[in-house]
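Me: I have a model to go through before setting anything up. Can you walk me through the fold and a few side chains?

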Amino acid sequence: MKNITNIQKFSIHDGDGIRTTVFFKGCPLRCEWCHNPETQRYEREMQFDREKCTGCGTCAKVCPNHAITMVDGKPVLDKEACILCGKCENFCPAGIREIIGREYTVKDLVKELMKDQMFYEESGGGVTLSGGEVMAMDPEYIAAIAKELKHQDVTLTIDTCGYVPYERFEAILPYVDTFLYDVKVMDPKLHRKYMGVDNKLILDNLIRLAGDGARIYIRIPTVREVNGNEDNMKETIAFLKEHDIHPAQVNLLPYHDTGSGKYQKLDMEYKGTNLHAPEKEEMEAFVQLFINAGFQNTKIGG
């Protein structure tokens, strides 16, 4: 499992400095507000913008497996028959079909990442491995990338939800400079409701990671209906203090729905329509709670 959906250049929100962020495909969580739904499934898949389809039928004509048929003037895909050969993507006159997910060898990926070495050096940046969930990928593959970047003296950041066996963190800990670690909501029932799993493993891994000396940024995607309230923030603070966790930074990330338009292209339902970001004043109050508790490097965004 090592499909990649995107290699984003000149990223400034996924760690320190200017970074190149690699988005891996596949995640064990199902966050209702996920803004990268194309990274949820592990396998490659076809993305298709139905709203822009003219119904010309070219995709059905060129499909060698007859996986596309025209129904009421619109193409319908039989996913079982589709082998993702790419012909419909290549021949679509409107350019509205795209196969999501591409495999890279370690050598090819590192070669691509090293193209931006000058920007890393000038800005104090580096490479961020994200997702989906990068730690759910083939551990040997991820470890090989981490080792090679370390050899090239490129700083590595891992963006993670934490829902993997801790042994995977142990294996790459010597090669990682910073972990961007999501703490979405403290209540395990709410976590299961909105993320699909409870948070015990995530919190246990955070305790162990901090105990092993990792540099950690705590990231809290902040949603009014889920965790955007004073009680949850105080509970998060209490957890960090109880377990002697000293993050290098705390980032409160206001909810946004900029990825909601991707769902229909993937035959998926967006479940975050009734979710909202807290008001600016509320976010600033949450930041102050962390600062008052001794977490001085807390900010909105990041």
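Reply: One term to start: buried means under 20% relative accessible area, exposed over 50%, and partly exposed in between, with a 1.4 Å probe and protein chains only. Strands (E, at least two residues) and helices (H or I, at least four) are DSSP runs, numbered from the N terminus. This is a predicted model, where local features need pLDDT of at least 70, side-chain atom pairs count only at pLDDT 80 or more, and totals for chains, interfaces and linings use all residues. Residues are numbered from 1 along each chain as its sequence is written, and side-chain values use heavy atoms, leaving out hydrogens and water.

Me: Which way do the residues of β11 point?
Reply: I216, I218, I220 and T222 point one way, Y217, R219 and P221 point the other way, and all are buried. That makes seven of seven residues in β11 buried, and the strand is mostly covered.

Me: Why the two sets?
Reply: In a regular strand the side chains alternate between the two faces of the sheet.

Me: What is the strand order in the open sheet?
Reply: The order is β7-β1-β2-β8-β9-β10-β11-β12-β13, nine strands with mixed pairing. Two strands count as paired if DSSP finds at least two bridges between them.

Me: Which strands stand at the edges?
Reply: β7 (102-103) and β13 (298-300) do; each has a single partner strand, so one side of each has no neighbour in the sheet.

Me: And what does β11 pair with, residue by residue?
Reply: On one pairing, β10 (residues 178-182) runs parallel to β11 and is joined to it by four bridges, with F179 opposite I216. Strand β11 (residues 216-222) also pairs in the parallel sense with β12 (residues 249-254), over six bridges. There I218 stands opposite V250, and Y217 has Q249 as its bridge partner.

Me: How does the chain get from β11 to β12?
Reply: Through helix α9 (residues 230-242), in a right-handed β-α-β crossover. Right-handed means that, with the strands pointing away from the viewer, the path from the first strand over the helix to the second runs clockwise.

Me: Which strands does α10 lie across?
Reply: Helix α10 (residues 280-292) lies across β11, β12 and β13, at about 170° to β13. Helix α3 (residues 106-113) lies across β1 (3-11), β2 (19-24) and β8 (126-130), at about 15° to β1. Axes are lines fitted to C-alpha atoms, for helices over the stretch in contact (heavy atoms within 4.5 Å), and the angles run from 0 to 180 degrees between N-to-C directions.

Me: Is E45 buried or exposed?
Reply: Buried, at 9% relative accessibility. E45 sits in β3 (residues 45-48), and its side chain makes a polar contact with the side chain of R41 at 2.5 Å. A polar contact is a pair of N or O atoms within 3.5 Å; within protein, one must be able to donate a hydrogen and the other to accept it, and residues adjacent in sequence count only if both atoms are side-chain atoms. Leaving out residues up to four places away in sequence, E45 touches K25, E38, L84, E98, I99, I100 and L266.

Me: Where is D138?
Reply: In the loop between β8 and α5 (139-151). D138 is partly exposed at 27%, and a polar atom of its side chain lies 3.0 Å from the backbone nitrogen of E140.
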